[in-house]
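User: I have a structure open and would like to go through it with you. Could we begin with the charged side chains and then move on to the rest?

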Amino acid sequence: MKRLFRNGTANRDWFGLDAFQVGPRFLRDSGVLYLLDEVGSTSAFLRGRGLASEGRVCAWDGWGWKAQKKVRLEPLRNPSPGTVVVARRQTAGRGRQGRSWADCGGLHLSVTVPPHRASFEQGFSVWLGLLTVLVLREDFLVDARLKWPNDIMVGRRKLGGILLETTGSGERLMVVAGLGLNLNTRRADFPPALQGTATSTLLETGRKLRPGEVGGRIISRVEDELDGYHAHGWGPFRPALSFLDCLLGQEVHLVSGGRDHLGRAAGIDDHGALLLEDTTGKVEAFSAGDVHLKSVGEPS
């Protein structure tokens, strides 16, 4: 094994391995990180699906990350808790409800969440979205907000999103969290269809960020807050959620269960469901669906 860094100089390190700092919960099982050149989907690779990919296996030795030589790696059949897969390019990324996720350059990361009861609770994906927003705001000065259930927005432009899936079964059942964030993409580099609806951290701050730096900060924040979230629920996070919920108080159009619903977004409950208030004042909770800000002129 060899380090990607020699005398402090990066050796073709597009990821930023030195900046990928995570805590002991993610490292206790030897801390394996897969850096892939190109993959269909990082989450699919982590769940043992798809094709092999060229890449490096990086292991934490207690002092830092060490990277093996680049080899052809098969999708993982039995990943350990805390295993992280990151790809430089993702050709078949997926969002919610099987939608495609366009690779516009940035962070494509999936991780098997270390065993914790909180990861199987309803609302966990919304909570992960909130923590991602907090890291982007506090550590990188991005004016990010959360759009239910787990889209990361700046104004009305999408910066990224989160998708939860499971792998294994029985005692080996684990949650796989996939995160996609546009980092260093310029406006002209987005596909034409996305140039009016997508954004990147570069466009918002003028600063280039390394995927390892952003990914490491998010994983560390999740680790720091996970026990508290399980013990105290949404209580400590309510003020932040109310402030950063970009739908709160807005007139929205929700499609759920094949039906259209119009109303005012009244917040998110402790189970991660969207609360929608209709014209009569009745509030209904929706655990799934697609929601959009109501267009000007759209009937109530």
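**Salt bridges and overall architecture**

Analyst: A network of salt bridges links Asp-139, Arg-207, Glu-213 and Arg-217. Please note that this is a predicted model.

User: How many salt bridges does the whole structure have?

Analyst: The search of the whole structure returns 15 salt bridges. One of them joins the side chains of Glu-54 and Arg-72, at 3.6 Å from N to O. Glu-54 belongs to strand 4 (residues 53–60) and Arg-72 to strand 6 (residues 71–73), so this pair ties together parts that are 18 residues apart in sequence.

User: What is the accessibility of Glu-54 and of Arg-72?

Analyst: Glu-54 has a relative accessible area of 34% and is partly exposed. Arg-72 reaches 54% relative accessibility, so it counts as exposed.

User: Which residue does Arg-137 pair with?

Analyst: Arg-137 forms a salt bridge with Asp-143, and the closest N and O atoms are 2.8 Å apart. Arg-137 is partly exposed, with a relative accessible area of 21%. Asp-143 is also partly exposed, with a value of 41%.

User: Changing topic: how many disulfides are there?

Analyst: The count comes to zero disulfides. As to individual cysteines, Cys-58 is buried at a relative accessible area of 0%, whereas Cys-246 is partly exposed at 22%.

User: Let us step back. How many helices and strands does the protein have?

Analyst: The protein has six helices and 19 strands. Of its 300 residues, 52% are buried. Among contacts between residues at least 6 apart in sequence, 62% join residues at least 24 apart.

User: What about confidence, on average?

Analyst: The average pLDDT is 88, and 89% of the residues score at least 70. Over residues 1–10, however, the pLDDT is below 50.

User: How many bridges join strand 17 to strand 18?

Analyst: Four bridges join strand 17 (residues 274–277) to strand 18, and the two run antiparallel. Glu-277 has Val-283 in strand 18 as its bridge partner, while Leu-274 is partnered by Phe-286 in strand 18.

User: And the hairpin of strand 17 and strand 18: how many residues lie between the strands?

Analyst: Five residues lie between the strands of that hairpin, where Gly-281 takes a positive phi near 95°.

User: Next, Thr-132. Where is it placed?

Analyst: Thr-132 is in helix 3 (residues 124–140). With a relative accessibility of 2%, Thr-132 counts as buried.

User: Which residues is Thr-132 in contact with, leaving aside its neighbours within four places in sequence?

Analyst: With those neighbours set aside, Thr-132 is in contact with Ile-152, Ile-162, Leu-179, Leu-181 and Ile-218.

User: How far apart are Gly-160 and Gly-180 in sequence and in space?

Analyst: Gly-160 and Gly-180 are separated by 20 residues in sequence, and their C-alpha atoms are 5.3 Å apart in space.

Terms used:
Residues are numbered from 1 along each chain as its sequence is written. This is a predicted model: local features need pLDDT of at least 70, side-chain atom pairs count only at pLDDT 80 or more; totals for chains, interfaces and linings use all residues. Side-chain values use heavy atoms; hydrogens and water are left out. pLDDT is the predictor's confidence in each residue, from 0 to 100. Contact means heavy atoms within 4.5 Å. A disulfide is a pair of cysteine sulfur atoms within 2.5 Å. Buried means under 20% relative accessible area, exposed over 50%, partly exposed in between (1.4 Å probe, protein chains only). Two strands pair if DSSP finds at least two bridges between them. A salt bridge is a side-chain nitrogen of Lys or Arg within 4 Å of a carboxyl oxygen of Asp or Glu.
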